[in-house]
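Subject: Structure for your review

Dear colleague,

Please find the structure below, followed by an account of what was found in it. I would be grateful if you could read the two side by side.

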Amino acid sequence: MNEGNSSNGRVTWEGCSVLLDINDGDRLVFARLSPAAKLKIGNKNCSLQPLIGRAFGTVFQVDTAPGGPCLSPAQVHVTNAEEIGDGQGNDEWRDKVNVNSADEVRDGAVNVESRDNRALVDNNTAQSLTGEDIEAMRRQGARGNEIIEALIANSATFEKKTAFSQEKYRLKKQKKYAPKVLMRRPVARSICEAYFKKYPSKIGFLRVDTLSLLLSMANVSSNSDILVVDMIGGLLTGAVAERLGGTGFVCNSYFGQAPYSMDIVRIFNLSDEICKRILRSPISDLLSPKESSEKILQHDVCNVEGQSNDQISASVSMVENSHSSENGISDIGIDNTEPAIEVRKAPKAGERAQKEVIDSWKENGFSSLIVAAPELDTWTVVKDLLPLLANSAPFAIYHQYLQPLATCMHNLQLGKMAIGLQISEPWLREYQVLPSRTHPCMQMSAFGGYILSGTKICSTANSATPTD
Amino acid sequence: MLASDSARKFSFNRLISNGDLVIVYERHDIMKAVTVSEGSVLQNRYGVFKHSDWLGKPFGSKMFSNKGGFVYLLAPTPELWTLVLSHRTQILYIADISFVVMYLEIVPGCLVLESGTGSGSLTTSLARAVAPTGHVYTFDFHEQRAGSARDDFERTGLGNLVTVGVRDIQGEGFPDEFTGLADAVFLDLPQPWLAIPSAAKMLKQDGTLCSFSPCIEQVQRSCEVLQISFTDIRTFEVLLRTYEVREEKLEDDGSNGSLPCKRKQCSDGGNLISSPISSVMARPCGEAKGHTGYLTFSRLRCL
C-alpha cells in the first residue's frame with residue numbers, strides 16, 4: 001500500500017477495502033476491490049472494477065452495458081438515499097426537496113396533505129403491469145428508473161396515496177428495480193455499525209457509542225502504548241490502531257498460547273505504518289520477569305507463522321460469498337474472489353511482540369488498558385493486567401453483563417488499586433427529523449453494553465508516606 | 001497532556017516536576033487542576049499540602065496533608081480536564097464528546113474546524129484525536145473567551161495542535177483559506193443553519209459535519225439547510241447512565257449453605273459461609289442528566 005492510501009484516504013485504489021451499503025443498509029458487504037472481484041446485486045453479477053479510483057461516498061447504480069450489468073455512478077438526483085436509521089424518513093424528505101426547492105419545503109409545501117388512505121382497497125389489482133411486461137421491458141434495455149416510472153404510471157392507486165406513501169412506494173420499487181450501492185469508508189465507526197446491525201454477537205454486542213467511550217476513557221492518543229484484550233474479532237484493536245495513527249503501539253494480548261482472532265483489523269484500510277504498530281503478545285510474556293526471554297524467541301517464529309496462515313484461511317472461508325446467497329439480504333464479510341492476491345496484500349498486522357518492545361513496556365508500563373473479553377472472568381483479567389499499567393494510567397473494561405463489572409469494581413475498591421471508578425451505560429436514541437414530523441425513531445437499540453472505567457494509582461508500596 | 005514527546009508519556013518513570021499540570025483528586029466528584037510550583041501550597045478541607053512534597057513523586061501518588069488528610073495526584077487527560085476546567089460556557093461532556101469524535105471519523109492527521117470554542121472541553125478531545133500531525137482550528141466571536149481558551153491550551157500542552165481564532169462564524173463563515181481542506185467541522189452555535197453553507201465549502205468530499213443543539217427547533221432548521229448539500233443526515237441523543245455498586249448483607253432464609261455464594265471465586269480467602277450472606281450488587285444512580293443536546297451528523301454529498 002502506498003503512502004496516499006492511509007486510513008484517511010478519500011479515493012479508492014486497487015486492493016482497498018470498502019464497505020458497500022446496498023439499498024440504505026438492507027445489505028452491508030465488506031469487499032476488497034480488484035478487477036476480478038464481483039458482487040451479486042439482485043440477480044445480476046456486477047464487477048467491482050468501476051469502483052476503483054472513485055471517491056468514497058459515491059453512490060452507484062446497476063446499469064445494463066453491452067458486456068452485461070455494470071455499476072456506474074448514479075446521477076445526483078437519484079442518489080438521495082443513504083443509510084438512515086429506519087431507512088425511509090429522511091429519504092422521503094430528500095426526494096421531496098429534490099423535486100421542489102429547499103425554500104418550498106420551508107414554506108410548508110410538504111406539510112399540506114389533504115389525501116388519506118380512505119380510498120385504498122388492498123385487492124391486489126392496483127398494478128396492471130405483469131411480471132412478463134417488466135421482463136420484456138428489461139430485455140429491451142429499460143433502465144431501473146424507467147421501470148419504476150412505468151409501474152407508477154400503471155398503478156391505479158398511486159395518485160390516491162399521500163405524498164409520504166407515494167415516496168414509500170417509490171422507494172420500495174427503487175430497491176427492487178434500481179438498487180443503489182453506496183461505497184463507504186471502512187473505519188471504526190462504519191465497521192462497528194455494520195457488525196452491530198448484522199452480526200452483533202461477533203463483536204460482543206459493542207455499540208458504536210460504547211466503543212467511542214472506551215477509546216476516550218482509556219485516553220487513546222498518539223504515542224501511547226495501549227494494552228488490549230480483544231475477544232471481539234479485532235474491532236477494538238483496529239479502532240485503537242486507527243487512533244494511534246502509526247505511533248505508539250497497541251498490544252493485543254491473550255491468555256494461553258493461541259491469539260484471539262483479529263480478522264476485523266483487515267477490514268480497516270490501515271497503512272503499513274499503522275499495521276506495524278499492532279503487536280500481539282501472550283499475557284504470560286508480559287507478566288514474566290524481565291530477563292527470562294530466551295524461550296520466548298525460541299518458539300516465536302513458527303508459532304506466528306502458523307497462526308497467520310490460520311488467520312488468512314479462516315477469514316477467507318468466513319467470507320459470506322454473496323454470489324451464493326439467494327436474496328443476499330444480510331451478508332457481511334470480505335467479498336473476495338482472488339485469495340492469492342488477498343494474501344499477498346494483506347497488511348501484516350499482529351506480529352508477535354519482540355523482546356525489546358516487551359522490555360520497554362515492562363520498564364515504562366502501558367499508557368492504558370482496554371478489555372473487551374466476554375468469555376473471561378473480568379476480575380481475573382483486570383487483577384493480572386492492572387500492574388502492567390503505568391501509574392495514573394486510565395483503563396476501560398467493557399462487558400455486556402453488569403455483574404462481572406460490579407464485582408471487579410468492588411474488588412478494585414477493596415484492594416485500593418484504582419480511583420475514579422465508575423460503571424456507565426450509554427444510551428443512544430436516533431431521531432427522525434422532518435418538517436412537522438419530528439420524533440424519536442420507532443426502533444432503537446435498547447442496549448449497548450456496560451463500561452467500568454477508572455484510573456490506576458500507585459500501589460501502596462510506592463506511595464508516599466505522610467510527611468514528617 | 002498528550003505524549004507528543006516520549007518524555008511526557010505515561011510511565012512508571014515519569015515523576016512530578018516543577019511546572020507540571022496535575023489533577024488533584026479528592027473524590028470522584030471533587031477534583032482540581034493545579035500547576036506545581038515549588039513554593040506553593042494547596043489548601044482544602046483535608047489540610048495544607050506543600051507542592052514541594054510532590055516533586056519527584058510518581059503520578060498516581062497518594063499525598064498527605066499536615067493534618068493527615070490525603071489526595072491523589074493524577075496526570076491530566078482530556079477526560080479529567082473536562083471535569084476540572086473553568087466553565088466560561090456550557091460544556092460538552094464525555095458521552096457527547098466521544099460520540100462526536102467517533103462519528104466525525106476524526107483520526108490522526110485530520111484538519112478539523114470548530115465553532116464556538118466555548119470553554120474548550122470538546123476542543124481538547126479533538127486535539128487528542130488529530131495528534132500528532134493534524135490540527136484543530138477553533139473559532140469564537142468572544143475575544144476574551146478565545147483568549148482564555150488559548151491560555152488553557154497552552155497550559156494543557158496542546159498549543160501546537162490547536163489554533164484559536166476570534167471570528168463570528170455565523171456572520172462571516174469560516175476563513176476562505178480552509179476551503180476544501182477540512183476533514184470534519186463541528187458547530188455549537190445558536191443558529192447553526194447560518195454557518196452550514198460555509199461549512200460545506202470548507203469540507204473535503206465526503207467530509208463530515210456535526211451540529212450540536214440543545215433545542216429541537218434548532219435541529220429542524222439545521223436539517224432543512226443541510227439537505228441542500230449534505231447527505232446521510234442523522235440526529236442522535238446520547239446519554240450516560242451510571243451505576244453504584246455496593247456490597248450488601250442479605251439475610252439468609254435459614255437454609256444455610258444451600259444458597260450459592262456469589263463471591264466465592266473472587267474472595268481472597270475470607271470465610272463466606274457464615275450468614276448473613278454478603279453480595280455485590282449494582283443499581284443505576286438515582287440522578288442523571290436527562291438531556292444535553294441533539295447531535296446532528298451529515299456528510300458532504302459526493303457530486
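Arg352(A) and Asp285(A) form a salt bridge, with their closest N and O atoms 3.0 Å apart; the term denotes a side-chain nitrogen of Lys or Arg within 4 Å of a carboxyl oxygen of Asp or Glu. Arg352(A) belongs to strand E12 (residues 351-352) of chain A and Asp285(A) to helix H10 (residues 283-287) of chain A, so the pair ties together parts that are 67 residues apart in sequence. Helices (H or I, at least four residues) and strands (E, at least two) are DSSP runs, numbered from the N terminus. Arg352(A) counts as buried at 5% relative accessibility, and Asp285(A) is buried as well, with a relative accessible area of 8%. Here buried means under 20% relative accessible area, exposed over 50%, and partly exposed in between (1.4 Å probe, protein chains only).

Please note that this is a predicted model, in which local features need pLDDT of at least 70 and side-chain atom pairs count only at pLDDT 80 or more, while totals for chains, interfaces and linings use all residues. Residues are numbered from 1 along each chain as its sequence is written, chains are lettered from A and ligands numbered from 1 in the order in which they are written, and side-chain values use heavy atoms, with hydrogens and water left out.

Other salt bridges

Over all chains, a search of the whole structure finds 28 salt bridges. Side chains of opposite charge can pair when their charged atoms come close. In chain B, Asp183(B) and Lys204(B) meet through their side chains in a salt bridge (2.9 Å, N to O). This pair links distant parts of the chain, with Asp183(B) in strand E10 (residues 182-187) and Lys204(B) in strand E11 (residues 203-213), 21 residues apart. Asp183(B) counts as buried at 3% relative accessibility, whereas Lys204(B), at 27%, counts as partly exposed.

The interface of chains A and B

The contact (heavy atoms within 4.5 Å) takes 92 residues from chain A and 77 residues from chain B. About 7,500 Å² is buried between the two chains, with carbon and sulfur atoms giving 56% of that area; buried area is the accessible area (1.4 Å probe) that two parts lose on being put together, summed over both. Of the area that chain A buries against chain B, Arg10(A), Arg189(A) and Arg243(A) supply 9%, more than any other three residues.

The rule finds 6 salt bridges across this interface. In one of them, Glu430(A) pairs with Arg234(B), the closest N and O atoms being 2.9 Å apart. Strand E15 (residues 418-432) of chain A provides the largest share of the side of chain A that touches chain B, 12 residues.

Which residue of chain A forms a salt bridge with Glu105(B)? The partner is Arg185(A), with the closest N and O atoms 3.0 Å apart. Glu105(B) lies in the loop between H3 and strand E7 (111-115) of chain B, and Arg185(A) in the loop between strand E7 (180-184) and helix H6 (188-198) of chain A, so the pair joins two chains. Both Glu105(B) and Arg185(A) are buried. A network of salt bridges links a set of residues that includes Arg185(A), Glu430(A), Glu105(B) and Arg234(B).

A nonpolar core is a set of buried Ala, Val, Leu, Ile, Met, Phe, Trp, Tyr and Cys residues joined through side-chain atoms within 4.5 Å. The largest one has 80 residues, and those with the most contacts inside it include Leu235(A), Ile370(A), Phe99(B) and Ile106(B). Helix H3 (residues 94-103) of chain B gives the most to this core, with 7 residues. Apart from it lies another core, of 57 residues, among them Ala406(A) and Leu421(A).

H3(B) is mostly covered, as 9 of its 10 residues are buried, including Phe99(B) and Tyr103(B). After H3(B) comes Glu105(B), whose phi is positive, near 60°. Leaving aside its neighbours within four places in sequence, Ile106(B) is in contact with residues that include Arg243(A), Val101(B) and Ala184(B).

Chain A as a whole

Chain A comes to 16 helices and 17 strands. Of its 468 residues, 59% count as buried.

Yours sincerely
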